[in-house]
Amino acid sequence: MDLRIFTEPQQGASYDTLLTVAKAAEDLGFDAFFRSDHYLKMGDGDGLPGPTDAWLTLAGLARETKRIRLGTLMTAATFRLPGVLAIQVAQVDQMSGGRVELGLGAGWFEQEHTAYGIPFPAEKFGRLEEQLEIVTGLWSTPAGETYDFEGTHYTLTDSPALPKPAQAKIPVLIGGGGPKRTPRLTARYADEFNMPFASVADTDQQFARVRAAVEEAGRPADALTYSNALVVCVGKDDAEVARRAAAIGREVDELKENGLAGTPAEVVEKLGRYAEIGSTRFYLQILDLTDLDHLELISSQVQSQLG
């Protein structure tokens, strides 16, 4: 069972803060450091010092870490042209020595688009599908050959399909609760399916849809990794759990219902319930990036029990 650290820098974090968390996650034995791809804060808080770009951040971390895998949950297809995205991700993969993973989603937060002059098309899912086709197609084109694509939203002609990633295949993550199109795209393009912020029951239902779509596409259902993203709030006792919940503006009971919260024993038990339905990887959403003791507790008291 893999535990990965997942951050939301748009809520307020500098590159230096993210570097500190990524290095701590690496030193503590976590499998990966992931970040969201957003340009505007959500909800309370001032979001200062302002947004950081996901792939610029990961490029920096690629050179300042050694082992930990790096990626996005999720890069918004509305933010970048697919050819440019393929170049960016391949370059960061080279810079990291082959440690990058790409989570790609349709994009959904209209306000951040209007705030920074980014077009927010009405039809986003078709663009996502074409981006997945193009990005993976560029990477898989044999060296010395060219890549062409003509779709509704994008056209590529005589692309040299360069640069190539360091990995033979960069893992692609697709996620979400859509009942039809999401499983279909996952079956065609993904190496991992991620269910974000969902109960065990809802996760089980969506995993079943994805497995059925994968098998219908002619792949073994277990060819994919199945994962969850969940907010985490762990304390050595009830008082510490309450303090950490207050620090992120959440209620303990709500966090226990909707995330991974409580003592290490409580969190291990809940992780076990997700594992029973097939989840083997967890993205732990860390909302207080200044609390490195939280990471240490999760590493020593939760991760150590998972085997």
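I started with the second largest pocket: α5 gives its lining the largest share, three residues. By pocket I mean an open set of points on a 1 Å grid over the protein atoms alone, with protein on both sides within 12 Å along at least five of seven lines, and lining residues have an atom within 4 Å of a point. Helices are DSSP runs (H or I, at least four residues), numbered from the N terminus.

Before going on, a note on the model: it is predicted, so local features need pLDDT of at least 70 and side-chain atom pairs count only at pLDDT 80 or more, while totals for chains, interfaces and linings use all residues. Numbering runs from 1 along each chain as its sequence is written, and side-chain values use heavy atoms, with hydrogens and water left out.

Back to that pocket. I get about 180 Å³ of space in it, a volume being the space filled by probe spheres set on the points, which are joined across faces, edges and corners. Its lining has 13 residues, with Thr 136, Trp 139, Ser 140, Lys 169 and Ile 170 nearest the centre. Two or more lining residues come from each of α5 (125-140) and α6 (181-189).

Next I looked up the largest pocket, which holds about 1,200 Å³. It is lined by 48 residues, and Glu 8, Gln 10, Met 42, Phe 197 and Gln 285 are the closest to its centre.

Last, I checked for cavities (sets of points where a 1.4 Å probe fits but cannot get out). I found one of 30 Å³ or more in the whole structure. The largest cavity has about 50 Å³ of space, and Val 232, Arg 244 and His 294 are among the residues lining it.
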